[in-house]
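Biologist: Could you put the model up and take me through the ligand sites and the ring pairs? I'd like to hear how each term is defined as we go.

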Amino acid sequence: MSMKPSLPPSPAHAVHCREVTKDFGTGDARLPVLRGVNFGARSGELTFLVGPSGCGKTTLISVIAGLLNPDAGAVELFGASVAALPPEEQILFRRRHLGFVFQQYHLLPSLSAAENAAVPLLAAGMKRAAAVDRAKGLLDRLGLGKRLDARPSQLSGGQQQRVALARALIHEPRLIVCDEPTAALDHQTGEAVMELLAGSAVQPDRAVIVVTHDNRVFHFADAIAHMDDGRITHTQTKFPVGS
Ligand SMILES: Nc1ncnc2c1ncn2[C@@H]1O[C@H](COP(=O)(O)OP(=O)(O)OP(=O)(O)O)[C@@H](O)[C@H]1O
Ligand SMILES: [Mg+2]
């Protein structure tokens with residue numbers, strides 16, 4: 001009798017976290033922040049991650065994006081364990097396949113809006129003029145056509161947020177992870193940003209994860225994962241898995 005090899009996770013799963021744990025601090029100050037997270041985000045879908053402040057959302061997406069190492073558990077992206085790759089391949093994988101919008105934007109202060117948005121293309125070796133040109137086109141679609149040459153310090157919070165979003169989208173990564181992308185935006189601009197993200201997720205080999213408290217945009221979600229105190233408590237899906 002032969003044993004079947006265990007199947008890899010469904011390719012529909014762009015992100016698969018199993019029993020992921022992460023503590024911050026040491027000794028008496030040790031704080032368990034992720035306490036055995038099981039989480040999935042499917043290709044072709046826009047997955048929201050919601051939960052109270054401090055429950056671990058930013059920590060979880062930082063682990064998914066490889067910005068933080070988990071203490072235990074497994075994280076697979078598109079069926080592969082990125083952590084198992086040699087370090088230089090991990091960097092290349094993330095640079096090519098990941099777009100990340102930080103809660104605090106993290107734009108480079110000495111670069112213009114268009115140059116900031118072009119960074120992933122420049123890192124991939126595209127010529128400066130072509131990269132900045134493409135960035136300008138995307139920023140224009142995000143309503144920033146008149147602020148292309150402004151430095152981040154000259155932009156409002158909502159404008160900086162859209163530059164950060166453009167930077168996450170410009171190289172058409174397979175996985176886009178956004179921390180509160182509509183927090184600083186009015187309703188109309190927030191809807192436009194979500195439409196852009198939903199449009200990105202619709203591609204069959206792409207996935208978008210959005211951390212949000214913004215219930216005005218919940219109708220965009222294909223799935224909503226609820227997090228509390230370091231764990232995913234339940235997930236709502238628009239369509240039952242397998243349908
Ligand atoms: N670098 C760090 N060192 C120590 N503790 C940290 C660190 N980063 C986060 N924490 C703690 O981990 C917990 C989870 O933080 P996290 O930023 O993941 O929460 P969050 O769900 O994103 O909250 P919010 O909705 O306010 O952004 C918090 O108690 C926070 O104080
Ligand atoms: Mg956060």
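Predicted model: local features only at pLDDT ≥ 70, side-chain atom pairs only at ≥ 80, totals over all residues.

Biologist: Fine. Which protein atoms are donors of the magnesium ion?

Modeller: The magnesium ion, ligand 2, has OG1 of Thr-58 and OE1 of Gln-103 as its protein donors, at 2.0 to 2.5 Å. Donors here are N, O and S atoms within 2.8 Å of the metal, or 3.2 Å for Na, K and Ca, and since water is not among the atoms, sites may look incomplete.

Biologist: Where do those two sit in the chain?

Modeller: Thr-58 is in helix α1, residues 57–64, and Gln-103 is in the loop between β5 (98–101) and α3 (113–123), so that the pair, 45 residues apart, links distant parts of the chain. Helices (H or I, at least four residues) and strands (E, at least two) are DSSP runs, numbered from the N terminus.

Biologist: Moving to ligand 1, how many residues surround it?

Modeller: There are 13 residues around ligand 1, and the closest are Ser-53, Gly-54, Lys-57, Thr-58 and Thr-59; a residue counts as near if one of its heavy atoms lies within 4 Å. By class, this shell has 5 nonpolar, 7 polar and 1 charged residues, where Ala, Val, Leu, Ile, Met, Phe, Trp, Tyr, Cys and Pro count as nonpolar, Asp, Glu, Lys and Arg as charged, and the others, Gly among them, as polar.

Biologist: What lies close to the oxygen atoms of ligand 1?

Modeller: A polar backbone atom of Gly-54 is 2.8 Å from an oxygen atom of ligand 1, a backbone N or O atom of Gly-56 is 3.0 Å from an oxygen atom of ligand 1, and a polar side-chain atom of Lys-57 is 2.8 Å from one. Of the 640 Å² of accessible area that ligand 1 has on its own, the protein covers 59%.

Biologist: Which elements give two or more residues to that shell?

Modeller: Those are β2 (31–42) and α1, with α1 giving the largest share, 3 residues. Lys-57 itself belongs to helix α1 and is buried, at a relative accessible area of 7%, and its C-alpha atom is 8.1 Å from that of Gly-230, 173 residues apart along the chain.

Biologist: New topic: how many aromatic pairs are there?

Modeller: The whole structure has 2 aromatic pairs. Rings of Phe, Tyr and Trp (its six-membered ring) pair if their centres lie within 6.5 Å, and planes under 30 degrees apart count as stacked, over 60 as edge-to-face and the rest as tilted. Phe-48 and Phe-218 are edge-to-face, 6.0 Å centre to centre with 70 degrees between the planes. Phe-48 is in strand β3 (46–50) and Phe-218 in the loop between β7 (207–211) and β8 (223–228), so this pair ties together parts that are 170 residues apart in sequence. Phe-48 is buried at 0% relative accessible area, whereas Phe-218 is partly exposed at 29%.

Biologist: And the other one?

Modeller: Phe-100 and Phe-102 have ring centres 4.6 Å apart and planes at 40 degrees, so that pair is tilted; Phe-100 counts as buried at 11% relative accessibility, while Phe-102 is partly exposed at 24%.

Methods
Residues numbered from 1 in each chain as written. Chains lettered and ligands numbered in written order. Heavy atoms only, no water. Polar contact = N/O pair within 3.5 Å; in protein donor to acceptor, adjacent residues only side chain to side chain. Areas by Shrake-Rupley, 256 points an atom, 1.4 Å probe, with all protein chains shown as cover. Buried < 20%, exposed > 50% of the residue type's maximum accessible area, 1.4 Å probe, protein only.
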